[in-house]
Amino acid sequence: GENQDLHKVTREHNVFRKGSVLYLAGGKLTTYRSIAEEVCNRLFDVLERPRAPCLTAHTPLPRGRGGNAPALVEAIPASALPMGHDQALGLARVYGSALPDLLKALDADPDLARPLWAGPRPRARARVLMGEVLFSARHEKVRRLEDFMVRRSRLAFTDGGGEPEAARAANLIGNELGWDAGRRRDEIEGYLGMREERLGVP
């Protein structure tokens with residue numbers, strides 16, 4: 001049910017077939033690669049084709065090339081980092097091998113290297129920068145204020161998810177996507193209402 005504790009929900013998964021359709025039920029995020037391999041192997045059986053070797057264990061995730069966060073930061077000249085090492089490391093953990101692209105966007109306008117909020121992003125010492133909002137609208141399919149505040153930055157779950165930050169983010173997204181003043185206002189009000197109603201954050 002809706003009130004069931006998440007830790008009590010089973011994380012087991014089951015792959016089953018009905019006719020020529022495969023179904024996947026359950027599972028957990030941390031085992032998605034092994035589940036994908038199992039589904040693909042079963043798919044070869046459904047198609048009655050010989051199984052091809054699975055490449056998932058050796059295929060980096062999008063933006064996963066170039067090594068771990070410290071290696072990504074080390075590969076960038078210090079002159080190209082408009083921030084301290086901890087901030088760069090935090091951004092590398094979020095953006096992976098797209099970090100140089102984000103840094104180019106920040107370099108184009110020094111104001112974009114300013115924090116959207118003074119506090120840290122959830123689960124990291126790094127701050128969410130103004131340029132990340134623009135980058136998300138331009139390159140990450142952010143189309144609503146809620147997309148950025150809830151899913152991309154997770155600021156909605158912090159003190160940095162309030163009206164001042166929402167207004168700044170809405171202006172940046174709006175400038176990129178061509179929102180008029182009414183759309184910006186609707187996005188801010190809609191996001192703040194959702195945050196209070198669904199997330200229980202006043």
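**Arg 198 and Glu 146.** I started with the side chains of Arg 198 and Glu 146, which meet in a salt bridge at 3.6 Å, N to O. I count a salt bridge when a side-chain nitrogen of Lys or Arg is within 4 Å of a carboxyl oxygen of Asp or Glu. Arg 198 sits in helix H8 and Glu 146 in helix H6, so the pair ties together parts that are 52 residues apart in sequence. My helices (H or I, at least four residues) and strands (E, at least two) are DSSP runs, numbered from the N terminus.

Buried or exposed? I checked both partners, taking buried as under 20% relative accessible area, exposed as over 50% and partly exposed as in between (1.4 Å probe, protein chains only). Arg 198 counts as exposed at 59% relative accessibility, while Glu 146 is buried at 15%. I also found a network of salt bridges that links Glu 146, Asp 147, Arg 151 and Arg 198.

**Ground rules.** I'm working on a predicted model, where local features need pLDDT of at least 70 and side-chain atom pairs count only at pLDDT 80 or more, while totals for chains, interfaces and linings use all residues. Residues are numbered from 1 along each chain as its sequence is written, and side-chain values use heavy atoms, with hydrogens and water left out.

How many salt bridges does the count come to? I get 11 by this rule.

One of them joins the side chains of Glu 140 and Arg 152, 2.6 Å from N to O. This pair links distant parts of the chain: Glu 140 is in the loop between helix H5 (130–139) and helix H6 (145–152), and Arg 152 is in helix H6, 12 residues apart. Glu 140 counts as buried at 17% relative accessibility, and Arg 152 is partly exposed at 23%.

I then looked up Glu 187 and Arg 144, whose side chains meet in a salt bridge of 2.8 Å, N to O. Here too the pair links distant parts of the chain, with Glu 187 in helix H8 and Arg 144 in the loop between H5 and H6, 43 residues apart. Glu 187 is buried, with a relative accessible area of 4%. Arg 144 is partly exposed at 41%.

**Overall layout.** Read along the sequence, the pattern is β-β-α-α-α-α-α-α-α-α. The radius of gyration is 21 Å, well over the 17 Å that the globule rule gives for 202 residues, so the protein is more spread out than a compact globule. I took that radius over C-alpha atoms, and the globule rule is 2.2 Å times the number of residues to the power 0.38. The C-alpha atoms fill a box of roughly 55 × 45 × 35 Å along the principal axes. Of the 202 residues, 36% count as buried.

**Surface patches.** Which residues form a negative surface patch? I found Glu 163, Asp 180, Asp 186 and Glu 189. Glu 189 lies in helix H8 (residues 181–199). Patch members have over 30% relative accessible area and no salt bridge; like charges are joined within 9 Å, nonpolar side chains (Val, Leu, Ile, Met, Phe, Trp, Tyr) within 5 Å. Lys and Arg count as positive and Asp and Glu as negative, with His and the chain ends not counted. A charge is placed at NZ of Lys, CZ of Arg, CG of Asp or CD of Glu.

There's a nonpolar patch too, formed by Phe 16, Val 21 and Tyr 23, with about 240 Å² of accessible area together. Areas come from the Shrake-Rupley method with a 1.4 Å probe, and for residues only the protein chains shown count as cover. Phe 16 is in strand E1 (residues 13–18) and counts as partly exposed at 31% relative accessibility.

**Backbone checks.** I noted a positive phi near 55° at Glu 48, a residue other than glycine. Glu 48 lies in the loop between helix H1 (32–46) and helix H2 (69–74), and counts as exposed at 73%. Arg 123 isn't a glycine either, yet has a positive phi of about 60°. I placed Arg 123 in the loop between helix H4 (99–108) and H5, exposed at 75% relative accessibility.

Glu 12 and Gly 27 are 15 residues apart in sequence and 5.1 Å apart in space, C-alpha to C-alpha.
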